Amino acid sequence: MNEIKEIKINLKDRSYKIFINDDIEKILVNSIEKILARPKVFIVTDENVAGFILPKIKKILEDAGIKTKSIIIPSGEKSKSFQSLEKLIKELLNYKIERQDSLIALGGGVIGDLVGFASSIIYRGIDFIQIPTTILSQVDSSVGGKTGINLEEGKNLVGSFHQPRAVITDVSLLQTLPKREIIAGYAEILKCSILGDKDFFNWLKINQKEILNLNNNLVAEAVEKSCILKAKIVEEDEKESGKRALLNLGHTFGHAIENKINKDGHGILHGEAIGIGMCLAAEFSVEMNLCSKKNKEEIIEIIKKSGLPTDLKDLNTEIYAEEIIEIFSLDKKRKDNSNTFILISDIGNAIIKDEISDDKLKTFLISNGFK
Ligand SMILES: NC(=O)c1ccc[n+]([C@@H]2O[C@H](COP(=O)([O-])OP(=O)(O)OC[C@H]3O[C@@H](n4cnc5c(N)ncnc54)[C@H](O)[C@@H]3O)[C@@H](O)[C@H]2O)c1
């Protein structure tokens, strides 16, 4: 890929660029000096990414005269915890990190969320750069500055808004990603199209198979289209007091399912839960007379064809409506004891719908496979 795609997120003094290409060396050599306050970085990554990608990144940076120190943490959602956060910060302090140094979050959404949060609180905030290595993190979690960790009570309940200094995206880094992770990450690409861009949705219908087979040019285009859409929303509503909530399409249902299933130890990936969450959001939109059955069917069809689960039957598990409603009660979008959902009026047009009662939800959930 000759050209490095660049997307600017305009947020006054917190503005930054997303660089997209299939050659990390090319992007880093072109951009890193301008981004760093001084040539010293702490690269935080997880065990899997450390094996596949870390040596390459370290070499590129060191060849460019940048001092590096790496910290490797266990892979997986369990690392988004207070315990890991404390361990990471202590390790950075033991390595004598200073305010002018930068952190690099090299990995998926787990690393990005944890490292972003750590960098927002060490010395009341230091710079960090995202190098996302999963589809989900390239199209979603690395962009927009939401950082955080999970509690036993729910996901992402503690966190901050802290924008990165840059997002450096090499789509060729996805080649080592397990197929299941590729499909799960693709759910966030579908989400972007469904919530805000019908042409993108139609383009995905044609190119879905090639994207899932990791054709670099098409993946880069899909990442670019998703990031442009996300950038526009984040620029309008950085701290999610309004429009940014649209990015949560499928997430209220999805998070609740993810929370419940992962507590029981079965294991569902974030994107898989979002796949079911988007189907439920489409069904609920029809139930609320907001969108047509045809739209709903088109949405469910593309999700199914991608290989994502589309309803509870695909998970071989029983979930009680009451349990899900209990989890909704901790949702950050809940106001005055009623629920807010992101629903759709058309493909490419999501809307925020609030004042949905627990009773209405319970009836809906039970008619959609919950106990
Ligand atoms: N901050 C946000 O705006 C935002 C948005 C969406 C999701 N999230 C969060 O993102 C997290 C999920 O992110 P994720 O799906 O990237 O999960 P992840 O970070 O756990 O990565 C998935 C798996 O892939 C491995 N991996 C990563 N890159 C790899 C590569 N290139 N090759 C081989 N293996 C690789 C990881 O080690 C891990 O086992 C969740 O915690 C979710 O809450 C945050």
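Q: What is the handedness of the crossing of α7 and α9?
A: In this predicted model, the crossing of α7 and α9 is left-handed. A crossing gets that name if the near helix is turned anticlockwise from the far one by less than a right angle.

Q: Why are α7 and α9 called oblique to each other?
A: The axes of α7 and of helix α9, which covers residues 216-236, come within 9 Å and cross at roughly 50°. Angles under 35 degrees count as roughly parallel and those from 65 to 115 as roughly perpendicular, and α7 and α9 are therefore oblique to each other.

Q: Which residues make the contact of α7 and α9, and how do they divide by class?
A: On the side of α7 the contact is made by Ile 189, Cys 192 and Gly 196, and on the side of α9 by Ala 222, Ser 226, Leu 229 and Lys 230. Sorted by class, these residues of the contact divide into four nonpolar, two polar and one charged.

Q: How does α7 pack with α11, and what is the handedness of that crossing?
A: Helix α7, residues 179-196, and helix α11, residues 270-287, pack at an angle of about 35°, with their axes 7 Å apart. The crossing of α7 and α11 is left-handed. In the contact of α7 with α11 there are six nonpolar, four polar and three charged residues. Among the residues of α7 that meet α11 are Ala 184, Tyr 186 and Lys 191, while those of α11 include His 270, Ile 274 and Met 278.

Q: What makes α13 oblique to α14?
A: Helix α13, residues 321-328, and helix α14, residues 358-366, have axes that come within 9 Å and cross at roughly 140°. To count as roughly antiparallel an angle must be over 145 degrees, and the range for roughly perpendicular ends at 115, so the angle makes α13 oblique to α14. The crossing of α13 and α14 is right-handed. By class, their contact has six nonpolar, no polar and two charged residues.

Q: Which residues of α13 and α14 meet?
A: From α13 come Ala 321, Ile 324 and Ile 325, and they meet Asp 358, Leu 361, Lys 362, Leu 365 and Ile 366 in α14.

Q: Is His 162 buried or exposed, and how do you know?
A: The place of His 162 is in the loop between β8 and β9. A residue is buried if 20 or more other C-beta atoms lie within 10 Å of its own, and His 162 has 20 such atoms within that distance, so His 162 is buried. His 162 touches Gly 116, Ser 119, Ser 120, Gly 125, Gly 145 and Thr 147, leaving aside residues up to four places away in sequence. As for Ser 119, it is 43 residues from His 162 in sequence and 8.1 Å from it in space, C-alpha to C-alpha.

Q: Why does Lys 12 count as exposed?
A: A residue with 12 or fewer C-beta neighbours is exposed, and Lys 12 has 6 inside 10 Å, so Lys 12 counts as exposed. Lys 12 lies in the loop between β1 and β2, and its phi is near 50°, a positive value in a residue other than glycine.

Q: What makes Asn 156 and Asp 346 partly exposed?
A: The name belongs to counts between the limit for exposed, 12 or fewer, and the limit for buried, 20 or more. Asn 156, in strand β8, has 17 other C-beta atoms within 10 Å, so Asn 156 is partly exposed. Asp 346, in strand β10, has 14 other C-beta atoms within 10 Å, and therefore Asp 346 is partly exposed as well. Asp 346 touches Cys 291 and Asn 295, not counting residues up to four places away in sequence.

Q: How do you know that the protein chain is as compact as a globular protein of its length?
A: The secondary structure of the protein chain comes to 14 helices and eleven strands. Its radius of gyration is 20 Å, close to the 21 Å that the globule rule gives for 371 residues, so the chain is as compact as a globular protein of that length. Buried residues make up 46% of the 371 residues.

Conventions:
Residues numbered from 1 in each chain as written. Predicted model: local features only at pLDDT ≥ 70, side-chain atom pairs only at ≥ 80, totals over all residues. Helix = DSSP H or I, 4+ residues; strand = E, 2+ residues; numbered from the N terminus. Rg over C-alpha atoms; globule rule 2.2 N^0.38 Å. Axes fitted to C-alpha atoms, helices over the stretch in contact; angles between N-to-C directions. Contact = placed C-beta atoms within 7 Å. Nonpolar A, V, L, I, M, F, W, Y, C, P; charged D, E, K, R; others polar.
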